[in-house]
Amino acid sequence: MAHEPVIETHGLTKHYGKLEAVRELSLTVERQRITGFLGRNGAGKSTTLKMLLGMIRPTAGTGRVVGYDVADPAQSVAIRRRIAYVGEDKGLYGYMTVGELIRFTRSFYPDWRPAIEARLLKEYQLPPGRKVKAISKGMRTKLALLLALARQPELIVLDEPSEGLDPVSIEELLQTLREVRDAGTSVFFSSHQLSEVEQVAERVLMIDRGQLVMDTLLSDIRKHYRHVTMDFADDAPPPAFELAGVVRTRIVGRQVRLLVSAHVEDIVAYAQSLGAPVQVAPVHLRDVFLDLVKEAS
Amino acid sequence: MLWYKMWRESGVRFAISAAALLWMCAVAVLLQQRVRTHADEPISYPHYIWSAVYKANVLDLFILLVIVLGLGGVLQERAQGTAGFTLSLPVGRWRLTAVRAATGCLQVAVLALLPALLIPLLSPVVGETYSFAAALQFSVLWAGAGMVIFAMTLFFSVVLPGAYSPAIASVAGLLACSILADLPPLAHHPALDLVETMHGAQLMVSQHEVSLAALFAPLPWLALGLYALVALSLIGAAGAIVAGRDFP
């Protein structure tokens, strides 16, 4: 089945005075996939997510979430009715008890699933009678997830969901995201934790300084991306590698290191024809991220 | 359930406000004999109630409590980290402001009514009587002017960051109203002075003749209408600002 888009943006831009938080961002998030949204702190991830949810108005460009225009206040309400959002700070009303907050949230969603609520309440071991301000950050994340998942949204958007969680809670969270996806919900989550993204994401969008620098399937990185390293012995400057499939070229002294996304054999053959020893190594998401982000720096 | 949220956010403040107001009214009634005995000249019980409750201490407390009730809102929620959750609910921002304003206005009206409920009930305990209708007239004045003060604080709460700056701005706004109302070109418009209107000095003249039938006649309806308009305008402006604002 083709994965139709659940989020689409075209030239989405946000300025804060002279600061360009997001620059002409055009991206697509596919339905029923887990899509990781990677970037350093301050890269523009949260601004993008908040524009998609109508919390921030775009300066320019367009965005559609589950078919609705993000810039239209009325359609933005429709978006929020059909999707779920778990914010970075998991800021829930501390003065309510867990049970009260569940009842409060439930009242906004006619499609609320009491069975899912009951199952997650038990599974997450959340105390219904305890004040939200009295539960741990891990518990608050679980509560935020319960509130998001108990209505089976079309899409769940999470901003740095693992922030402040212990390793066990992170593992549980990632497992939950897989289960959610299996149940038919699209997942779009931002993170700067590469290992988490690598564990669960199927597609990766990478943003740096407000611009999209990569959009690829994680399986493509594993299958096709390679580092091709060549060491040139003579004093002549290393040749340029403007070949199809070369994503980034890094030259350090006499060593040339290519990040290659396709046509590895052709590139290796070309490199060998130059008489330099060639090494080909598989890459991980971390390598790609560092290559792209360091380049920009 | 949005009402429930607004109520839960302000419920404790409202309960404390109501308790403080009732306590001050009760003290004013129960200490009436002592105060009136030591007064420079004899004053009637209704005049004592006016000067102790509707003109002085209790009124000042009421104004302060209304300002406290006006604090809060989405901008303040940002500081507490809950704005993201509130704004992710499938509710328009205009509705958020409207429900908050309506809840607050209702609370102001109830606070304004409390002296009218307590004073006539408690007066027989000290061997005096106080007309419920007369007390109700003051309540109408307090509610009308109180809603402007509430709306002003609500407006400042969406404009100014920080927990206390909206309260300080509201007090400054009230002082500015009083100073402006004293300026010669505006001296013929006493309605501009909110606090003076809340004193209800003109109601004291007809204190003994007040009956339920004549309840509404002596009230400054033009001023109250103007207050309603100003309060609605301030709430509308606050709603427009919240609707158009970014919440990064």
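Trainee: How much area do chain A and chain B bury between them?
Mentor: About 2300 Å², with 60% of it on carbon and sulfur atoms. Buried area here is the accessible area (1.4 Å probe) that two parts lose on being put together, summed over both. Keep in mind that this is a predicted model, where local features need pLDDT of at least 70, side-chain atom pairs count only at pLDDT 80 or more, and totals for chains, interfaces and linings use all residues. Residues are numbered from 1 along each chain as its sequence is written, chains are lettered from A in the order in which they are written, and side-chain values use heavy atoms, leaving out hydrogens and water.

Trainee: And how many residues are in contact?
Mentor: 27 residues of chain A touch 25 residues of chain B, contact meaning heavy atoms within 4.5 Å.

Trainee: How many salt bridges cross that interface?
Mentor: Two, by the rule used here: a side-chain nitrogen of Lys or Arg within 4 Å of a carboxyl oxygen of Asp or Glu. B:R8 pairs with A:E100 in a salt bridge, with 2.7 Å between the closest N and O atoms.

Trainee: Which elements give two or more residues to chain A's side?
Mentor: β1 (5-16), α2 (73-82) and α3 (98-106) of chain A. The one that gives the most is α3(A), with five residues. Helices (H or I, at least four residues) and strands (E, at least two) are DSSP runs, numbered from the N terminus.

Trainee: Switching topic: how many salt bridges are there over all chains?
Mentor: The count is 20. Take A:R203 and A:D215, whose closest N and O atoms are 2.9 Å apart. A:R203 sits in strand β9 (residues 203-208) and A:D215 in strand β10 (residues 211-217), both of chain A, so the pair ties together parts twelve residues apart in sequence.

Trainee: Is A:R203 buried or exposed?
Mentor: Buried, at 15% relative accessibility, while A:D215 is partly exposed at 33%. The cut-offs: buried is under 20% relative accessible area, exposed over 50%, partly exposed in between (1.4 Å probe, protein chains only).

Trainee: What about B:K5 and B:E9, how far apart are they in helix α1?
Mentor: Four residues, about one helical turn, in helix α1 (residues 2-30) of chain B. B:K5 is buried at 0%, whereas B:E9 is partly exposed at 23%.

Trainee: OK, and the core: which residues touch the most other members of the largest one?
Mentor: A:L101, A:L143, A:I156, A:L285, B:Y54 and B:F62, out of 162 residues. A nonpolar core is a set of buried Ala, Val, Leu, Ile, Met, Phe, Trp, Tyr and Cys residues joined through side-chain atoms within 4.5 Å. Helix α8 (residues 132-159) of chain B supplies the largest share, 18 residues.
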